[in-house]
Amino acid sequence: MGRTKGSGASTSKHMPPEGQSPASSEVSTSSTTSAESRIKESLKELFSLIHQVQEERSRGEHNLSNIAKTHERMQQEQKITPYYKSKLRGLYNTAMQDAEGEAELLRKALDKISEIKSIREHRRFGDSDRPKPIMRRGVLMSMLQQNAATLPLWVSKPGERPPPLCGAVPADNNYVVKPGDKVAARVKSSDGEENWILAEVVTFNSSANKYEVDDIDAEEGKERHSLSKRKIVALPIWKASPETDQEALFPKHALVLALYPQTTCFYRALVHEPPKKPQDDYSVLFEDTSYPDGYSPPLMVAQRYVIICKEDKKK
């Protein structure tokens with residue numbers, strides 16, 4: 001079965017749309033300026049959060065050093081006195097508070113990074129009437145890999161459950177994907193066959209309950225689709241940590257849809273091995289009749305591009 005969708009796009013530049021009024025141009029410029037201002041403010045806040053993380057970590061390291069020294073004295077004296085028990089209890093309580101404080105600051109920093117990425121993405125998406133630049137295939141593939149690698153990691157607090165769109169956790173039924181966000185979309189090709197492709201949301205019509213989406217790997221205006229909500233699957237917006245949120249990962253042998261490497265198409269696959277560390281990808285076996293057992297050798301796919309498969313039967 002085919003694994004690519006087209007031979008890639010040309011690198012020609014688009015001129016601004018004909019008939020665009022000066023007023024619309026001014027609105028676009030104002031919107032861009034506003035986005036740049038928000039990004040600058042967010043970067044300042046992120047810089048402050050990073051400094052706070054460093055300060056919190058320094059305090060924590062000093063306390064951890066005191067814990068190590070206390071254990072050394074106990075070993076030298078060969079006894080555990082009530083004094084040392086009380087001191088260690090206090091030091092460990094402080095260490096836990098320091099760790100929780102640092103973790104909370106890191107979560108805020110990750111949220112701020114996600115916010116900056118969202119502003120930049122929507123600024124790029126911005127004016128839906130303006131043609132988006134056509135991207136060479138190699139650049140597109142590199143961008144998709146970068147998006148997956150920089151997806152924020154969700155680390156749950158003790159007793160906390162991972163939220164929707166964290167790893168394998170699906171979106172809520174009433175969730176509406178924002179314009180500019182990437183999704184898996186089930187579209188019908190010219191030969192009548194339906195395929196799952198990587199697409200970008202343009203708009204959502206709540207009265208018709210339909211999305212307008214663009215094929216991410218097509219020239220401007222050539223591949224826009226109007227699809228019902230059931231033909232859209234939102235991609236994860238957080239990576240799940242295998243160390244704290246194993247339940248938010250697809251288990252071994254689970255049937256999924258996964259983005260085939262170096263393409264923009266999702267295909268049915270079985271999970272061969274789920275991620276074992278936060279930076280790990282899934283190892284999956286794609287359904288492929290060209291192999292004796294019906295599956296490809298294991299291939300690596302990032303959490304960002306592994307989603308639930310609603311079809312149970314093998315094709």
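Of the 315 residues in the protein chain, 38% are buried, and keep in mind that this is a predicted model. As for secondary structure, you get three helices and 12 strands. Take the contacts between residues at least 6 apart in sequence: 61% of them join residues at least 24 apart.

Now let's zoom in on strand β3, residues 194-205, and look at who pairs with it. Start with β2, residues 182-188, which runs antiparallel to β3 over seven bridges. These two strands make a hairpin, with five residues between them. In that turn, check out Gly192, which has a positive phi of about 90 degrees.

Strand β4 covers residues 210-215, and its antiparallel pairing with β3 has six bridges.

Val183 stands opposite Ala199, while in β4 the bridge partner of Ala199 is Asp215. So where does β9 come in? This strand, residues 265-273, also pairs with β3 in the antiparallel sense, over two bridges. To find the place in the model, look for Trp196, which stands opposite Phe266 in β9.

Terms used: Residues numbered from 1 in each chain as written. Predicted model: local features only at pLDDT ≥ 70, side-chain atom pairs only at ≥ 80, totals over all residues. Heavy atoms only, no water. Pairing = 2+ DSSP bridges. Helix = DSSP H or I, 4+ residues; strand = E, 2+ residues; numbered from the N terminus. Buried < 20%, exposed > 50% of the residue type's maximum accessible area, 1.4 Å probe, protein only. Contact = heavy atoms within 4.5 Å.
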